[in-house]
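This report looks at a ligand site, the spaces in the protein and some backbone details. The structure comes first.

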Amino acid sequence: MLIKHKHSWQETENSVTGESLYLNRRTLMVGAAAAGAAIAAPNVFAQRERELAELAARPTEYKSNESLTPENAVTQYNNFYEFGVSKGDPYQNAWRLQPKPWSIQVDGLVDKPGEYALEDLIDFNALEDRIYRLRCVEAWSMVVPWIGVSLASVLKKIEPQSGAKYVRFETLADPKQMPGLRWPVLDWPYVEGLRIDEAMNDLALLAVGLYGKELPNQNGAPVRLVVPWKYGFKSIKSIVRISLTETEPKTSWNLSAPREYGFYSNVNPEVDHPRWSQKRERRIGEFGRRETQKFNGYGEMVADLYAGMDLRAKF
Ligand code: MTE
């Protein structure tokens, strides 16, 4: 779906960030990408890193008019339980993850199933910049400049059949790369799901980069979901399998604590978590708290998906 009219989050990055800061960051990003490329990456990836760095300059849709969260908070304050349950663990431990090469198994109710190389599923020549708020169920939030393609573009490629009603995602579960798998804090592999109309909504993004660079391992390299109107845990990282199903798939957090985490998990200040309020949130890098917005502020684009549903029962 092409968005013709502008929304509040569709500012260009230049109008969000002061120009000198913007240019400085661009220079830094290009420098960092080049340094990374010099160490290990084969040429094809070095080329991709350069392309990613250049993307940050492109004026596109889906920009936020809010300040970006500092990059080091986005990459060092993480939830990725496969690398440990503390916020600093993924940054410390995710160097073990080997995101290249990467393939994704596609199965279930699709006409084009198979084992796809990442580059065959994601069109790296059509990457978009999107600045999205990420609202964690733990009542903190960030504003992140993501790079990726719409999930819909990938689903169209694999051709869902008419009986497909849900999309199920699975994260890699390799104990050699992921030390956190030793602990049964969740039922591994990490799994998530969306209803197919949610998945086809243009906001749903498969991200391969942030801040103009390839996705750092701790943020879910090489590809993760970003569903900005839902709590952050729906945004599954390091995806190795995408399945189209007729029935609602199980999801990791719902399996682990069904009273606390439902399948939908839309950001909703009217529905408290059983152990804390969801009315307010702490924006990482800011003092004080701000009001949480229903659907994380993206209601204009997604509220229709839930027309007639009781979002207290289907939380
Ligand atoms: N994906 C996997 N595979 N494992 C996880 O533990 N944590 C989720 C989500 N995706 C998680 C995951 C949670 S709780 C949040 S809030 C976001 O990732 C955090 O994304 P970030 O670390 O990039 O901010």
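## The ligand pocket

β4 gives the most to the lining of the second largest pocket, with four residues. β3 (128–135) and β4 (140–150) each supply at least two residues of that lining. Strands here are DSSP runs of E, at least two residues long, and helices are runs of H or I, at least four residues long; both are numbered from the N terminus. A pocket is found on a 1 Å grid over the protein atoms alone, as an open set with protein on both sides within 12 Å along at least five of seven lines; lining residues have an atom within 4 Å of a point.

The model is predicted: local features need pLDDT of at least 70, side-chain atom pairs count only at pLDDT 80 or more, and totals for chains, interfaces and linings use all residues. Residues are numbered from 1 along each chain as its sequence is written, and side-chain values use heavy atoms, with hydrogens and water left out.

The second largest pocket has a volume of about 430 Å³. Its lining has 28 residues, and Asn79, Phe80, Tyr190, Gly232 and Phe233 are the closest to its centre. A volume is the space filled by probe spheres set on the grid points, which are joined across faces, edges and corners. By class, the lining holds 17 nonpolar, six polar and five charged residues. Ala, Val, Leu, Ile, Met, Phe, Trp, Tyr, Cys and Pro count as nonpolar, Asp, Glu, Lys and Arg as charged, and the others, Gly among them, as polar.

## The ligand and its contacts

Where does the ligand sit? The ligand sits in the second largest pocket; the test is that more than half of its atoms lie within 2 Å of the pocket's grid points. Around the ligand are 16 residues (a heavy atom within 4 Å), and the closest are Asn78, Tyr81, Glu82, Ser235 and Lys237. This shell has seven nonpolar, six polar and three charged residues.

Taken alone, the ligand exposes 530 Å², and the protein buries 98% of that. These areas come from the Shrake-Rupley method with a 1.4 Å probe.

## Enclosed space

How many cavities of 30 Å³ or more are there? The count is two. A cavity is a set of grid points where a 1.4 Å probe fits but cannot get out. The second largest cavity holds about 30 Å³ of space. Its lining is Ile104, Leu118, Leu121, Ile122, Val154, Leu206, Val223, Ile239 and Ile242. α6 (118–121) and β10 (239–245) are the elements that give two or more residues to this lining. The lining divides into nine nonpolar, no polar and no charged residues.

## Backbone details

Lys100 and Pro101 are joined by a cis peptide bond, with omega about -10 degrees. Pro101 is in the loop between α5 (89–93) and β1 (103–108). Another cis peptide bond joins Ala221 and Pro222, with omega about -5 degrees. Pro222 is in the loop between β8 (213–214) and β9 (224–226).

Glu159 is not a glycine, yet has a positive phi of about 55 degrees. Glu159 is in the loop between α7 (151–158) and β5 (166–171).
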